[in-house]
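Subject: Structure handover

Hello,

Here is the structure I promised to pass on. Please open it first, then read my notes below.

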Amino acid sequence: VVACEINKDFLNKFDHSQLLTTVRKNISDIHGLRLHDLVLIMPVTLPKTSSGKKRRRHCTSLYLQNGFREAVTRQVVPV
């Protein structure tokens, strides 16, 4: 699963389907992995520590509880 903040300048200027296809292909080509889900979240909403590190466990909890403020409605593609 990849959670990605969308830059506020591009919030309404991207094609979710095309982005999903490109990210899936790149992750597969570069890392040999299949992406289960891509969550595009609103700017400045990714949980971070006071030092700026990503709070991975909190992100996992948010994902599992559908707690992210998503920038677009996602459509999970079966793997």
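Predicted model: local features only at pLDDT ≥ 70, side-chain atom pairs only at ≥ 80, totals over all residues.

Start in the loop between strand 2 and helix 2, where V44 is found. Is V44 buried or exposed? V44 is exposed, because its relative accessible area is 75%, and the cut-off for exposed is over 50%.

N66 also deserves a look. You will find N66 in the segment after helix 2. N66 is not a glycine, yet its phi is positive, at about 55°. With a relative accessible area of 58%, N66 is exposed.

Now the overall layout. The protein chain has two helices and two strands. Read from the N terminus, the order is β-α-β-α. Strand 1, helix 1 (residues 16-31) and strand 2 form a β-α-β unit, and that unit is right-handed.

The two strands come next. Strand 1 pairs with strand 2 in the parallel sense, over four bridges. C4 sits opposite L40 of strand 2.

Which way do the residues of strand 2 (residues 38-41) point? L38 and L40 point one way, and V39 and I41 point the other way. All four are buried. In general, side chains in a regular strand alternate between the two faces of the sheet.

On overall size, the C-alpha atoms fill a box of roughly 35 × 30 × 25 Å along the principal axes. The radius of gyration is 13 Å. A compact globule of 79 residues would have one near 12 Å, so the chain agrees with that. Of the 79 residues, 25% count as buried.

Last, the largest pocket. How much space lies in the largest pocket? About 150 Å³. These residues line it:

- V1, V2, A3, V39, L46 and K54 are among them.
- R56, C59, T60, Y63 and F68 are also in the lining.

By class, the lining has eight nonpolar residues, one polar and two charged. Strand 1 (2-5) and helix 2 (56-64) each supply at least two lining residues. Which element gives the most to the lining? Helix 2 does, with four residues. V39 of strand 2, one of the buried residues mentioned above, is part of this lining too.

Best wishes

Terms used. Residues numbered from 1 in each chain as written. Heavy atoms only, no water. 1 Å grid on protein atoms, 1.4 Å probe; cavity = no way out; pocket = protein on both sides within 12 Å on 5 of 7 lines; lining within 4 Å. Points joined across faces, edges and corners; volume = space filled by probe spheres on them. Nonpolar A, V, L, I, M, F, W, Y, C, P; charged D, E, K, R; others polar. Buried < 20%, exposed > 50% of the residue type's maximum accessible area, 1.4 Å probe, protein only. Pairing = 2+ DSSP bridges. Right-handed = clockwise from strand over helix to strand, strands pointing away. Rg over C-alpha atoms; globule rule 2.2 N^0.38 Å.
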